[in-house]
Amino acid sequence: MLFYNSPVEPGAKVVRPRKSFVAATFALPGRLAGMLVAAIMLVTSCTDPEVNPDNTLRANAGPDQQVQVGQPVNLDGSTSQDSQSKPFTFQWTITQKPAKSTVTLTGATTAKPTFVPDEVGDYEVELTVTNADGKSTDKVVIAASVSQPITLDKNITVKTVLEDRIVNPNLPDYIVPKDIAVEHELTIQPGVVIAFERDVRMNINDKGSIVAKGTPEKRIRFVGVGNTKGYWVGIMLYSGSNVNVMEYVDVLHAGSRTLMSGQKAGMAMFGNAQVALENSLFTENDGYGLYAPETASLRTFVKNTFTKNKEAGIAVDLANVEKLDAESVFTGENGRNVVEVSGYYLKKKEKDQVSWGGFKDKTPYRLMGSISVQVGWKLNPGVTIEVARDVAIMIEDEAYMTAKGTATDKIKFTSATAAAAYWKGILSYSTSTQNIIENAEISNAGSVTILSGKKANVALYGAGSILTIKNTKISGSGGYGIFEAYGTAINKDAATANTFEGNAQGSVLSENK
């Protein structure tokens with residue numbers, strides 16, 4: 001037989017060579033031919049191997065990245081694939097991170113998870129893709145670093161733009177080591193953080209201006225290098241430029257020294273300074289949040305917040321009160337949760353009537369000194385006016401006060417403390433038929449004489465002066481509830497159309513009887 005010398009195991013499958021191969025074998029010398037045939041029989045006599053499909057998955061965790069601490073990292077495993085287009089699952093795991101890091105992945109079982117590095121160093125993340133045919137892994141390294149802030153130690157004398165350099169909103173982009181003056185246009189981009197060293201201030205001078213427009217996601221922040229109340233001085237705004245604007249801006253940690261008039265504040269406005277202020281926050285200042293007395297102008301004022309300031313959140317003059325909007329917040333751990341109002345004359349300007357509205361957070365106005373109303377003054381339902389010690393409200397003869405509340409939303413005039421007989425009272429000379437008080441409360445006046453040696457919560461004086469007062473509670477006077485001098489006219493049912501309580505000398509005294 002052809003393969004008589006071949007060592008074939010019993011039961012082994014024999015595969016015969018092709019004819020051409022057999023012929024070639026016989027052409028070899030005898031011994032060599034026998035050895036070759038034996039080798040062939042040994043190889044071809046093995047059983048067929050079991051066929052296992054190859055793993056068709058290939059994980060791809062994306063390229064390595066270099067980012068800043070605090071910068072969101074977007075991982076991407078969407079280029080992972082299965083060569084047979086079979087579906088597979090994703091599982092991402094952080095396999096290495098800096099020792100103090102506490103980060104975790106968001107969306108760890110999706111193709112594109114995210115995380116935010118919280119410490120400097122390398123973050124190694126492993127992607128595993130899996131299906132019925134097997135699994136595959138790949139790793140990506142994210143290197144997180146911190147950029148150094150730039151020092152601002154020279155006055156700004158040319159048009160300047162400050163860029164957001166460091167992603168982490170808790171780290172400063174710029175450090176101000178000494179007092180700095182803005183003498184040209186300064187533009188601050190969203191996300192910029194400016195940190196001030198101890199007892200340093202920023203002056204925005206007459207020739208300068210500030211355009212600081214942040215966004216809800218990237219607020220602009222003026223802070224102290226030390227994150228403590230009263231660390232730096234604050235912002236002094238002298239500029240009357242109509243481009244001055246601060247939107248989505250935070251002012252914190254100021255008030256280490258006085259800015260003006262012996263007052264400390266996050267920001268103070270002087271002279272003819274003006275600014276548009278929207279969606280901004282003044283907090284943790286050792287003084288006022290915003291101090292804007294005298295002739296300063298709030299060009300616009302929308303949805304601002306004042307919290308955790310040592311004094312009141314805001315102090316404004318009479319002319320700016322009407323600019324304040326109902327949505328702004330003036331309460332929240334301030335030393336005094338009020339809107340402090342200064343100035344003597346409430347004057348007629350572009351229109352014949354000035355309107356004061358109430359606030360959604362029920363913040364009261366606090367009059368710091370006596371005022372002379374020389375224009376139509378409308379108080380809307382819900383307004384509360386607190387009055388400082390011995391202060392009077394005077395309605396001049398060609399002016400009027402229309403204070404019409406509702407049964408459920410009254411207008412209130414009261415003392416800055418809970419003490420009776422604390423402030424002077426309302427003295428009206430008005431001859432206008434619009435001089436009306438309804439659905440109101442007037443309490444705790446009559447601290448000193450208001451007219452003709454008399455004390456009263458409300459007094460009328462002057463020939464032809466008139467007042468209609470109804471549905472009002474008048475209480476806590478150091479003298480009378482109402483005093484009507486000779487020649488004046490109060491509604492005849494004033495004694496019965498109102499409620500009187502705790503007035504030291506009586507409800508109504510009229511010299512016209």
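Predicted model: local features only at pLDDT ≥ 70, side-chain atom pairs only at ≥ 80, totals over all residues.
A residue is called partly exposed when its relative accessible area lies between the buried range, under 20%, and the exposed range, over 50%, and aspartate 133, with a relative accessible area of 30%, is therefore partly exposed. A search of the whole structure finds 14 salt bridges, an open sheet of six strands is present, and the largest pocket holds about 500 Å³ of space.

**Salt bridges**

- Side chains of opposite charge can pair when their charged atoms come close.
- Aspartate 133 meets lysine 86 in a salt bridge between their side chains, with an N to O distance of 2.7 Å; the pair links distant parts of the chain, since lysine 86 belongs to the loop between β4 (81–82) and β5 (89–96) and aspartate 133 to the loop between β7 (121–131) and β8 (134–145), 47 residues apart.
- Aspartate 153 and lysine 154 form a salt bridge in which the closest N and O atoms are 3.6 Å apart; aspartate 153 is partly exposed, with a relative accessible area of 31%, whereas lysine 154 is exposed, with a relative accessible area of 61%.
- A network of salt bridges links Arg219, Arg221 and Asp250.

**The open parallel sheet**

- Strands of a sheet pair through backbone hydrogen bonds, either parallel or antiparallel.
- The six strands of the open sheet follow the order β30-β33-β36-β39-β42-β45, and their pairing is parallel; the edge strands, β30 (353–356) and β45 (489–490), each pair on one side only.
- Strand β36 (residues 400–404) is largely enclosed by the rest of the structure, because four of its five residues are buried.
- On one side, β36 pairs with strand β33 (residues 376–379) in the parallel sense over four bridges, and lysine 378 has threonine 402 of β36 as its bridge partner.
- Strand β39 (residues 436–438) runs parallel to β36 and is joined to it by three bridges, with isoleucine 436 of β39 standing opposite threonine 402.
- Strand β42 (residues 466–470) pairs with β45 in the parallel sense over two bridges, where leucine 467 has isoleucine 490 in β45 as its bridge partner.

**The largest pocket**

- The space in the largest pocket amounts to about 500 Å³, and 20 residues line this pocket, with Leu318, Ala319, Asn320, Lys347 and Lys349 lying nearest its centre.
- Sorted by class, the lining of the largest pocket comprises eight charged, seven nonpolar and five polar residues.

Key. Residues numbered from 1 in each chain as written. Heavy atoms only, no water. 1 Å grid on protein atoms, 1.4 Å probe; cavity = no way out; pocket = protein on both sides within 12 Å on 5 of 7 lines; lining within 4 Å. Points joined across faces, edges and corners; volume = space filled by probe spheres on them. Nonpolar A, V, L, I, M, F, W, Y, C, P; charged D, E, K, R; others polar. Salt bridge = Lys/Arg side-chain N within 4 Å of Asp/Glu carboxyl O. Buried < 20%, exposed > 50% of the residue type's maximum accessible area, 1.4 Å probe, protein only. Pairing = 2+ DSSP bridges.
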